[in-house]
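Dear colleague,

Please find below the structure that I am handing over to you. My notes on it follow directly after.

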Amino acid sequence: MDISSTTAAGPPGPAAPAGRPKSAARAGDRVFLALSRGSGILLLVIMAAIAVFLTVRAANALSHDHGNFFTTFEWNANATPPVFGIAVLAFGTVVSSLIAMVIAVPVAIGVALFISHYAPRRLATPVAYVIDLLAAVPSIVYGLWGALFLVPHLGGLYSWLDDYFGWTGVLAYHDGAARSLFTIGILLAIMILPIVTSVSREVFLQAPKMHEEAALALGATRWEVIRMSVLPFGRSGVISASMLGLGRALGETMAVATVLSPSFLIGKSLLDPGGGTFAQNIASSFKESGEIGKDALIASGLVLFLLTLLVNGAARMIIARRKEYSE
């Protein structure tokens, strides 16, 4: 036996594991690529079909409208001739959603940080479970709770706001039931709080542990670690979570319809009863509307559709402004 030839060739290596044939692997890749690409195209087609449907029906309604669709403070689409506008609906939708965001987002971030970085595991786990459970509560349940419990107990808060901030006019309270846009904002804040909290918590938990440990090793306090390591890392996730919450606030229907006293007037104070939102008006008026009335409601739905797209597009632009967000 030639020992030198055996040594030169080296010891035999382990046998390569038997795998799938290359042709089968390539076929699987092609199928997956086709399915994923088809899903993306199907989504775009569905969005385009929705936009076309809304646009066609809205154009029919606007051709019969004898008022200014954007500035008229009236919704009488079943009259002869029909007169309707979205001024009050747009104001109520935007203002109530902004109030909800101002209240919910800071609280959600605080709760998410508490669960992810402060609370012991025995406490964090059940609290996180309860928050996730609240996100699945139907909106009609929130609406009933708001009408039967929240509205009767907001008189004290409204009086306090009137005593200290009534001079602004925006928070002046003139008695009456608390069925106002401010109440809707509080209710929507409670509704979107679980969503924003859950997403923010998962983002904060993904913060690099090495960065946190390095900051602690350098003598940073727990808050300094969060401010320097956790919050910068999770900022894009918090923005995304906030946009999810804002999307639900903009399109919320049953809770708003249950609590709000609708009227086509814009009061000087946010505490005055009245106002309206796009989704609430569609839900409460669709059944009794005629052909033109339904097309008018669809036209208002088109505005809400575009508003949602603009909000999501703005969120993507905010995230993309910093290079590290998109990497």
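Helices (H or I, at least four residues) and strands (E, at least two) are DSSP runs, numbered from the N terminus. This is a predicted model, in which local features need pLDDT of at least 70 and side-chain atom pairs count only at pLDDT 80 or more, while totals for chains, interfaces and linings use all residues. Residues are numbered from 1 along each chain as its sequence is written, and side-chain values use heavy atoms, with hydrogens and water left out.

Surface patch

Leu42, Leu43, Ile46, Met47, Ile50, Leu306 and Leu309 make a nonpolar surface patch of about 610 Å². Patches consist of residues with over 30% relative accessible area and no salt bridge, with nonpolar side chains (Val, Leu, Ile, Met, Phe, Trp, Tyr) joined within 5 Å and like charges within 9 Å. A salt bridge is a side-chain nitrogen of Lys or Arg within 4 Å of a carboxyl oxygen of Asp or Glu. Areas come from the Shrake-Rupley method with a 1.4 Å probe; for residues, only the protein chains shown count as cover. Helix H2 (22–64) gives the most to the nonpolar patch, with five residues. Leu309 belongs to helix H12 and is partly exposed, at a relative accessible area of 40%; buried means under 20%, exposed over 50%, and partly exposed in between.

Nonpolar core

A nonpolar core is a set of buried Ala, Val, Leu, Ile, Met, Phe, Trp, Tyr and Cys residues joined through side-chain atoms within 4.5 Å. The largest one has 56 residues, of which Trp75, Phe84, Tyr158, Phe182, Leu187, Leu188 and Leu271 touch the most other members. H12 gives the most to this core, with 10 residues.

Aromatic contacts

Rings of Phe, Tyr and Trp (its six-membered ring) pair if their centres lie within 6.5 Å; planes under 30 degrees apart count as stacked, over 60 as edge-to-face and the rest as tilted. The count by this rule is nine aromatic pairs.

Tyr129

Tyr129 is placed in helix H4 and is exposed, with a relative accessible area of 57%.

With kind regards

Note on methods: Buried < 20%, exposed > 50% of the residue type's maximum accessible area, 1.4 Å probe, protein only.
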